[in-house]
Amino acid sequence: LDTRTTVMLRNIPFHLKVENIQSLIWEVCRERVDFIYLPLHNRQLGWNCGYAFVNFITTDDLATFYTNRNGHSWSVRCCFTSLFTS
């Protein structure tokens, strides 16, 4: 039984903010994350490094997110209402 609850999200478009990542996660499992780390490549422009570390509260929360979002591509729209496409 795997008890890890932290994952690395990769290939994040450089201009997304931590709030965008949080919104994406909350579409699947609202308020089930207690930590998001999105390192910045260029602080002045607010560009991220293309990856983030996310810790889910339980393994079930992680499994729910993984089942719903694994394999999806980023689809960046100006309003960021839908960050993934099917």
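**Close-up views of a predicted model**

H1 and H2 are roughly perpendicular to each other. This is a predicted model, so please read each view below with that in mind.

**View 1. Helix H1 packs against helix H2.** The two helices, H1 and H2 (residues 59-69), meet at an angle of about 95°. On the H1 side, the contact is made by Leu24, Ile25, Glu27 and Val28. H2 contributes Thr64, Phe65, Asn68 and Arg69.

**View 2. Three strands form an open sheet.** Follow the strands across and you will meet them in the order E1-E5-E2, with antiparallel pairing. E1 and E2 are the edge strands, each pairing on one side only. From one strand to the next, the twist averages 20°.

**View 3. Strand E1 pairs with strand E5.** Here we zoom in on E1 and its partner E5 (residues 51-56), which run antiparallel and are joined over five bridges. A handy pair to look for is leucine 9, which stands opposite alanine 52 in E5.

**View 4. Helix H1 lies across the strands.** H1 lies across E1, E2 and E5. Relative to E2, the helix runs at about 145°. H1 itself spans residues 18-28, and E2 covers residues 33-37.

**View 5. Asparagine 11 has a positive phi.** Where does asparagine 11 sit? You will find asparagine 11 in the loop between strand E1 (6-10) and helix H1 (18-28). Its phi is about 60°, a positive value although asparagine 11 is not a glycine. Is asparagine 11 buried or exposed? With a relative accessibility of 61%, this residue is exposed, because the cut-off for that label is over 50%.

**View 6. Glutamate 31 also has a positive phi.** The loop between H1 and strand E2 (33-37) holds glutamate 31. Phi of glutamate 31 is near 55°, again positive in a residue other than glycine. Its relative accessible area is 49%, so glutamate 31 is partly exposed.

Key: Residues numbered from 1 in each chain as written. Predicted model: local features only at pLDDT ≥ 70, side-chain atom pairs only at ≥ 80, totals over all residues. Heavy atoms only, no water. Helix = DSSP H or I, 4+ residues; strand = E, 2+ residues; numbered from the N terminus. Buried < 20%, exposed > 50% of the residue type's maximum accessible area, 1.4 Å probe, protein only. Pairing = 2+ DSSP bridges. Axes fitted to C-alpha atoms, helices over the stretch in contact; angles between N-to-C directions. Contact = heavy atoms within 4.5 Å. Parallel < 35°, antiparallel > 145°, perpendicular 65-115°, else oblique.
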